[in-house]
Amino acid sequence: MTAEPASPTVPFGDHVARAHARGSLVVQPRMGMSRPDRMRAGLRATRGAAASTVGTITVDSYTRTGDTAAARRAVARGLALNGYPITVHQPAVTRQVLRGIADDGFPVQVRHGSARPEEIVAALLAAGLDATEGGPVSYCLPYSRVPLNVAVAAWERGCALLAEAQRTGARPHLETFGGCMMGQLCPPGLLIALSVLEALFFRQHGLRSVSLSYAQQANARQDEESVIALSRLAAALLPDVQWHIVVYAHMGMYPLTPGGARLLLREAARLAVRTGAARLIVKTTAEAHRIPTVAENVTALETAASAAGAASRASSARASAPPPVGSRPVEALPAGSPTAGSPAAEAPDTGIHAEASALIDAVLDLDPDIGRALVTAFARGYLDVPFCLHPDNAGRTRSGLDADGRLYWSAAGAMPLPARPERGSPPILGSDGLMAALSYVQRTFDRRARTESARHPRDPRITQTTDRGEHQT
Amino acid sequence: MELGKAERVGLDVVVSTMASDAHTWNLVFLQLLLEELGHRVTNLGACVPDTELVAECRRLAPDLIVLSSVNGHGFIDAQRVIPGLRACPELLRTRVVIGGKLGITGTDDGSVARTLRAAGFDEVFEEHASADELRSFVRALSAAVPV
Ligand code: B12
């Protein structure tokens, strides 16, 4: 193993920066299967998609929660898992999965959702990979019952493992999951603050290439304002590391119809282009129902790429192309990132940047050690994720959705938010109220798809009922 | 939560998922729904280890245990968990139901429900079971449970 280079692939951050400089949005699936041969076929298909792609190995839930024994039992019994058990398969097996695929030009990232990432990080490094995702808060609160201080310590060790690989020439990349949290119903100011704070945590623990996430919520204008705020904050607070912005296609209840799912994905691609984000993680037409097939994932990648292409052509027709916001050509500038230019989107300022800044400042003021600052911030309720059941989350905040899908705080708890007119807006009430809020995006896009298919009955992009393909696992 | 006048004194219900599953919106939704029917809910939250699930259920001695899983491992996890619950004398007769997205393929010919019933679940709510089916089940149960 030691004979092989630590990182056989082009560094993840460099790869994305180059694509961004060329003006193409990198699209990436959520994909993971338990069987190595299927995983390999999925990566190969991702690489072959008609889009600028990077590969994903999504880790299964047993491995995520540290129950390697359960993952091993399931593999031994031939049961299909919801992801790739990277600590069960030997590094040599994973290298075989990657051989000839994850070489120059096609980086692969491991996505895992583990509050205690050390074993997974060790396994991915042993397999020659060095790009992954997570964060001490975002992989703890929505993903586990592990105490926050335990997750912080574990993530410090996880970061140290990655940072150490830098010494042998690797360029490890770490993406924050803080811009997603519970997937939905978390107002953007808090998502942005957590994404930035996790990126600062990664940097404090030695990472030199990071990305900051934001998950598409329920209102396109609010999302545009949010991604731009995130870019501005990243530019201001991460002057000395390589960074880019990654948008996630909606992470809450997804449209039930294939048409609705595609419309939502296309909107996510437009969001990414309009805000100058460099990478998009897609969702498929199977999202609301089951784990997608490889073919469904390829279709989603191509749908997103074509929507992104159309959006960037439209924006360069409107004005000269927007300067890249998210990342910059590494050749010119080996470390550090650009200041935010003026992206195509011009969402009005409703105070999201101010809200995120206030939260970030309040946390950074608590302790120079960002991990400790995060633990204290949650203990005091300065950071408080609505509807999160984790014992270390204060649980005094509540959010709501207005008629246009904009998220607001209905109760801010102890969070030091700047005064906002939305405060005191009605809370989400009861199981029906909760379901209505959770399913807002689903219903909106399913309805939009019905309306559009009535208007353009022959348009296959809308009416096609199913994406063909064998099930992946 | 205010109790409806005609409603009996509510049931004690434990709402939980299993060790591998981190999803909690399902749990929050089920808790609200059951509370609206007048029942007292203890929600055990995400990724509940087998031992903790059994210990909490023994401690709380609920009238009903509602398990929910959507990550696709539910079918495997449920078969591991139910013998542990049934092995406790105080939980031998406790009603235990499960629902959600129990496999990763989204479809199933009914064998999941048959297998889980045989393993000791009182009721298995299929993927597309509506909240109404749970409501009727719980209404029937609260009429039957002596107070
Ligand atoms: C939000 C979400 C997340 C959030 C969860 C945040 C949180 N803490 O809750 C995040 C981003 C963290 C997440 C993570 C993962 N997720 Co997820 N997630 C979703 C998503 C988008 C919405 C789920 C949701 O919140 N629904 C709202 C609730 C209220 O509805 P519900 O859960 O469907 O429950 C309803 C019914 O099922 C039913 N029900 C549920 N339980 C019970 C019980 C009883 C007794 C009864 C009667 C009824 C019932 O009633 C509810 C109301 O109708 C779904 C896809 C979708 N639906 O669009 C995927 C989905 C559930 N996730 C999935 C997976 C696999 C994962 C991951 C493993 C990552 C991955 N490989 O993609 C990890 C989980 C890690 C782990 N350890 O488990 C898969 C599951 C696949 C399957 N079963 O075939 C889905 C379907 C996406 C997909 N197509 O791949 N996820």
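Trainee: Quick one: which residue in strand 3 of chain B is the bridge partner of B:S16?
Mentor: That's B:L67. Strands here are DSSP E runs of at least two residues, and helices are H or I runs of at least four, numbered from the N terminus. Keep in mind it's a predicted model, where local features need pLDDT of at least 70, side-chain atom pairs need 80 or more, and totals for chains, interfaces and linings use all residues. Residues count from 1 along each chain as written, chains are lettered from A and ligands numbered from 1 in written order, and side-chain values use heavy atoms, without hydrogens or water.
Trainee: How many bridges join strand 1 to strand 3 of chain B?
Mentor: Four, between residues 12-16 and residues 64-69, running parallel. Two strands pair if DSSP finds at least two bridges.
Trainee: And what's the strand order in that sheet?
Mentor: It's 2-1-3-4-5, an open sheet of five strands with parallel pairing.
Trainee: Why do strands 2 and 5 of chain B each have one side without a neighbour in the sheet?
Mentor: Strand 2 (40-43) and strand 5 (123-125) stand at the edges, so each has a single partner strand.
Trainee: Switching to chain A: how many helices and strands are there?
Mentor: Chain A has 16 helices and 10 strands. Of its 473 residues, 61% are buried, meaning under 20% relative accessible area with a 1.4 Å probe, protein chains only.
Trainee: What does A:L280 touch?
Mentor: Leaving out residues up to four places away in sequence, its contacts (heavy atoms within 4.5 Å) include A:L25, A:V247, A:Y248, A:L265 and A:A304.

Note on methods:
Buried means under 20% relative accessible area, exposed over 50%, partly exposed in between (1.4 Å probe, protein chains only).
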